[in-house]
Amino acid sequence: MMLNVLRETGVMPAVKESAPVAGQIAVQNPVAARENEEPLRARVNGFNFFYGDKQALYDVSFPIYDRKITAIIGPSGCGKSTLLRSLNRMHDLYPNNRYEGEIILYPEQINVISPQVNPMLVRLKIGMVFQKPNPFPKSIYDNVASGLWVRGIRNKAVVDERVEQALRQAALWDEVKDRLRTSAYSLSGGQQQRLCIARALAPDPEMLLLDEPTSALDPIATARIEELVTELANTVTVLIVTHNMQQAARISYYTGFMHLGRMVEFDRTESLFTAPKEKRTLDYITGRYG
Amino acid sequence: MTESRQAAALTRIDEVALVARAQRQDLRFAIVGFSVLILTMAILLALIADLMIDGVPRIDYQFLTSYPSRHPDRAGILSAWVGSALVMVVTAALAVPIGVAAGVYLEEYAPKNWLTDIIEINVTNLAGVPSIIYGLLALGLFVHTFRLGQTILVAGMTLALLILPIIIVATREALRSIALELREAAYGIGADKWQVVSMYLLPAAWPGILTGAIVGMSRAIGETAPVITIGALAFIAFLPPPPVQGTFPFVNFDWLHSPFTVMPIQMFNWISRPQHGFHVNAAATGVILLLMTLLMNGLAIYIRYRIRRGRK
């Protein structure tokens with residue numbers, strides 16, 4: 001009943017039939033029709049991905065709203081990390097990977113997975129934080145400044161200011177302001193991950209991708225990162241992949257559930273968790289598999 | 001007693017016996033391995049000790065600062081060690097930049113196709129080509145075709161060719177062993193390929209590249225065959241012009257075009273003389289050669305240590 005109310009008020013996305021892939025059962029891909037009301041940052045449209053001959057993603061479509069947290073959940077191997085890494089063209093680093101379909105980034109309206117678009121251009125616009133904290137073997141300052149340096153920003157005063165700002169955004173400034181010149185490896189795991197977030201934030205990206213950013217961290221460090229990501233959503237669009245459903249429920253505004261390379265359901269987070277339309281979603285969020 | 005044990009073995013595994021057997025096996029292998037190790041080390045140590053006993057007493061200031069002579073006790077290795085050092089400078093200056101650049105290109109830039117595969121196989125096999133072949137190539141190409149003469153420059157170029165494959169392979173291995181995370185992090189911040197290579201990959205690969213370079217240089221300094229082939233002289237009673245001078249432009253590259261000799265050739269020359277005194281000189285030269293190799297390796301270890309410490 002609540003579902004109907006949501007649909008009528010337009011909070012709930014309408015259901016659209018997606019183009020079926022040959023030999024595959026057509027999956028109803030719910031795509032929000034509300035993009036006129038809420039500004040879009042990106043739209044994934046009929047996206048297929050192949051590792052060589054092996055197809056990993058099937059006809060994935062969903063919107064990514066501006067300055068909102070969108071979470072992707074699903075069991076291991078469902079393709080959620082593959083999807084996220086596509087948005088940063090990370091698959092281009094390895095041979096024989098192939099993209100199909102489109103991921104349009106707004107407002108420029110460029111298709112980030114098009115072979116005509118240079119991966120570097122995409123990575124300059126969309127920042128990424130990886131599953132395992134991966135700071136460079138350099139000082140804390142150099143790590144945060146690295147994104148600015150590769151963009152040709154060398155002015156010391158400007159870099160100093162942006163580094164401080166990024167570290168403040170990543171809630172790390174107070175802990176490291178007295179030892180910016182020490183190695184990033186001297187930080188704890190949670191601090192290293194916040195440093196990686198600061199590194200991604202310093203060049204002021206249009207979107208931030210987080211690939212299970214807390215899976216290598218303890219609960220306290222996890223809580224700090226979640227708090228920080230929630231805070232970030234005021235200024236930057238966040239797409240986060242997590243295998244932790246509670247995490248998605250806690251921090252995200254929209255959630256997509258993926259299974260076997262398909263986007264099974266995409267909806268407002270509260271709707272997806274309280275009233276899923278697909279049985280597979282229900283089974284997953286009630287812990288029947290995954 | 002035995003029967004009951006067999007009966008027990010039929011019904012359950014005797015864990016204690018299994019552990020005992022494993023321990024016996026480990027002990028057997030450790031004994032064999034240790035013996036082999038001792039044997040090889042003993043042979044090596046005996047060789048070095050023999051060389052030292054013969055040669056060390058001969059090494060003094062006069063030996064290091066004299067030119068070759070007809071009298072064994074007046075002869076020295078000044079021209080030989082200066083020649084070796086200068087040839088090594090040329091070799092390193094040519095082989096390291098070219099080798100690292102080739103390795104970086106093959107590993108990071110080259111498209112993966114059949115041409116790259118063929119180049120890769122060839123580079124790997126080049127490391128196994130007998131060194132005299134390089135000498136013949138250099139004689140034909142550098143000395144006769146390019147008319148560069150029998151000079152330090154040609155020797156350095158020849159030895160650089162010889163050790164290029166070693167440096168290329170070491171560079172590739174070092175780049176390949178860098179964790180994917182670092183590579184992805186570097187590309188992830190929007191860096192272009194050159195930035196990724198120069199700012200992140202090469203610094204991380206540097207210790208491995210350096211090891212390869214030193215292994216190559218240690219091989220080059222002991223090479224005799226290619227240097228004889230291109231026509232290094234055994235009797236050099238003068239030094240090349242010094243590379244630095246008091247007047248502008250303060251550096252001088254005339255030494256590149258100077259005739260030269262190197263220590264292995266000096267050794268070879270002395271060992272083929274009948275007088276015992278020259279044999280002692282050869283042993284002493286061998287000790288100096290070993291010391292130079294040791295010094296290069298020590299330098300590499302020191303630089304590696306500095307790099308690692310700088311990174312922590």
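The model is predicted, so local features need pLDDT of at least 70 and side-chain atom pairs count only at pLDDT 80 or more, while totals for chains, interfaces and linings use all residues. Residues are numbered from 1 along each chain as its sequence is written, and chains are lettered from A and ligands numbered from 1 in the order in which they are written. Helices (H or I, at least four residues) and strands (E, at least two) are DSSP runs, numbered from the N terminus.

**The sheet of chain A**

- Six strands of chain A make an open sheet with mixed pairing, in the order β8-β9-β10-β5-β11-β12; two strands pair if DSSP finds at least two bridges between them.
- The edges are β8 and β12 (262-268) of chain A, each of which pairs on one side only.
- On average, neighbouring strands of this sheet are turned by 15° against each other, direction ignored.
- β8(A) and β9 (residues 207-211) of chain A run parallel and are joined by four bridges; in one of these strands, β9(A), A:M207 is the bridge partner of A:I126.
- Helix α7 (residues 189-201) of chain A lies across β8 and β9 of chain A, at about 170° to β8(A). Axes here are lines fitted to C-alpha atoms, for helices over the stretch in contact, and angles run from 0 to 180 degrees between N-to-C directions.
- Helix α8 (residues 219-232) of chain A lies across β5 (69-73), β9 and β10 (237-241) of chain A, at about 145° to β10(A).

**Loops worth a look in chain A**

- Most residues other than glycine have a negative phi, and most peptide bonds are trans.
- A cis peptide bond, with omega about 5°, joins A:Y106 and A:P107; A:P107 sits in the loop between β6 (97-105) and β7 (110-111) of chain A.
- A:D204 is not a glycine, yet its phi is positive, about 60°; its loop runs between α7 and β9 of chain A.
- A:E212, also not a glycine, has a positive phi of about 40° and lies in the loop between β9 and α8 of chain A.
- A residue is buried if 20 or more other C-beta atoms (placed from the backbone) lie within 10 Å of its own, exposed if 12 or fewer, and partly exposed in between.
- A:D204 is partly exposed because it has 14 other C-beta atoms within 10 Å, and A:E212 is partly exposed with 19.

**Helices of chain B**

- Helix α2 (residues 15-55) of chain B has 41 residues and reaches 59 Å from its first C-alpha to its last, close to the 60 Å expected at 1.5 Å a residue; that expected span is 1.5 Å times one less than the number of residues.
- One of the 41 residues of α2(B) is buried, so this helix lies largely in the open.
- In helix α8 (residues 180-188) of chain B, the buried residues are B:A185, B:A186, B:Y187 and B:G188.
- Their cover includes α3 (119-125) and β8 (126-129) of chain A, together with α9 (193-222) of chain B.
- After α8(B) comes B:G190, with a positive phi near 95°.

**Where the chains meet**

Notes:
Two residues are in contact if their C-beta atoms, placed from the backbone, lie within 7 Å.
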